[in-house]
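Please read the following briefing alongside the sequence and the model. It takes up charged pairs, aromatic rings and the pocket in turn.

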Amino acid sequence: MLQYVIKIAVTCAAVIAVTELSKRSTLLGALVASLPVTSLLAFVWLYWDAGDAGRVAELSIGILWLAVASLPFFVAFPVLVRAGMEFWPSLGLALLLTAVGYAVMASVLRRLGVGT
């Protein structure tokens, strides 16, 4: 149980840090948010739970490919907001675009035998 409390506390602290830093400087917040904090935490937690560095390496490769699929979100969202679309519809549309990107990338990766 203590293990889950530690995981939750560290993960929450990372998200709160990005939010608080972004209030002071969007560039600094973006810098911290762009760090692979979530991935690093997942690597540590997976290794802690499974003790299998090979599984962590496979997770890393999967993240690499899916990160490529998520890049359109970071293009679409600011373009939509700057074009005058409200925040929530912009966010929703950008997320929908990202979901399509993930689906396409997952299909390609399955055909290539990655992550099976």
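Lys-23 counts as exposed, at 61% relative accessibility, where exposed means over 50% relative accessible area, buried means under 20% and partly exposed lies in between, with a 1.4 Å probe and protein chains only. This is a predicted model, in which local features need pLDDT of at least 70 and side-chain atom pairs count only at pLDDT 80 or more, while totals for chains, interfaces and linings use all residues. Residues are numbered from 1 along each chain as its sequence is written, and side-chain values use heavy atoms, with hydrogens and water left out.

**Salt bridges**

- The count comes to two salt bridges, a salt bridge being a side-chain nitrogen of Lys or Arg within 4 Å of a carboxyl oxygen of Asp or Glu.
- One of them joins Glu-20 to Lys-23, with the closest N and O atoms 3.0 Å apart; both residues lie in helix α1, three residues apart, about one turn of the helix.
- Glu-20 is partly exposed, at 31% relative accessibility.
- Helices here are DSSP runs (H or I, at least four residues), numbered from the N terminus.
- In the salt bridge between the side chains of Lys-7 and Asp-49, the N to O distance is 2.7 Å.
- Because Lys-7 lies in helix α1 and Asp-49 in helix α3, this pair ties together parts that are 42 residues apart in sequence.
- Lys-7 is buried, with a relative accessible area of 12%, whereas Asp-49 is partly exposed, with a relative accessible area of 48%.
- Leaving aside residues up to four places away in sequence, Lys-7 touches Trp-45 and Asp-49, contact meaning heavy atoms within 4.5 Å.

**Aromatic rings**

- A search of the whole structure finds five aromatic pairs; rings of Phe, Tyr and Trp (its six-membered ring) pair if their centres lie within 6.5 Å, and planes under 30 degrees apart count as stacked, over 60 as edge-to-face and the rest as tilted.
- Phe-73 and Phe-77 form a stacked pair, because their ring centres are 5.9 Å apart and their planes stand at 5°.
- These two residues, Phe-73 and Phe-77, are four residues apart in helix α4 and are therefore separated by about one helical turn; both are buried.
- Phe-87 and Trp-88 make an edge-to-face pair, at 4.7 Å centre to centre and with 80° between the planes.
- Phe-87 is partly exposed, with a relative accessible area of 41%, while Trp-88 counts as exposed, at 66% relative accessibility.
- One aromatic cluster is formed by Phe-73, Phe-74, Phe-77, Phe-87 and Trp-88.

**The largest pocket**

- About 800 Å³ of space lies in the largest pocket, and of the 26 residues that line this pocket, Val-32, Ala-33, Ser-34, Leu-35 and Phe-74 are the closest to its centre.
- On a 1 Å grid over the protein atoms alone, where a 1.4 Å probe is fitted, a pocket is an open set of points with protein on both sides within 12 Å along at least five of seven lines, and lining residues have an atom within 4 Å of a point.
- Helices α1 (2-24), α2 (26-34), α3 (37-50) and α4 (53-82) each supply at least two residues of the lining, and α4 gives the most, with seven residues.
- The lining divides into 16 nonpolar residues, ten polar and no charged; Ala, Val, Leu, Ile, Met, Phe, Trp, Tyr, Cys and Pro count as nonpolar, Asp, Glu, Lys and Arg as charged, and the others, Gly among them, as polar.

How values were computed. Points joined across faces, edges and corners; volume = space filled by probe spheres on them.
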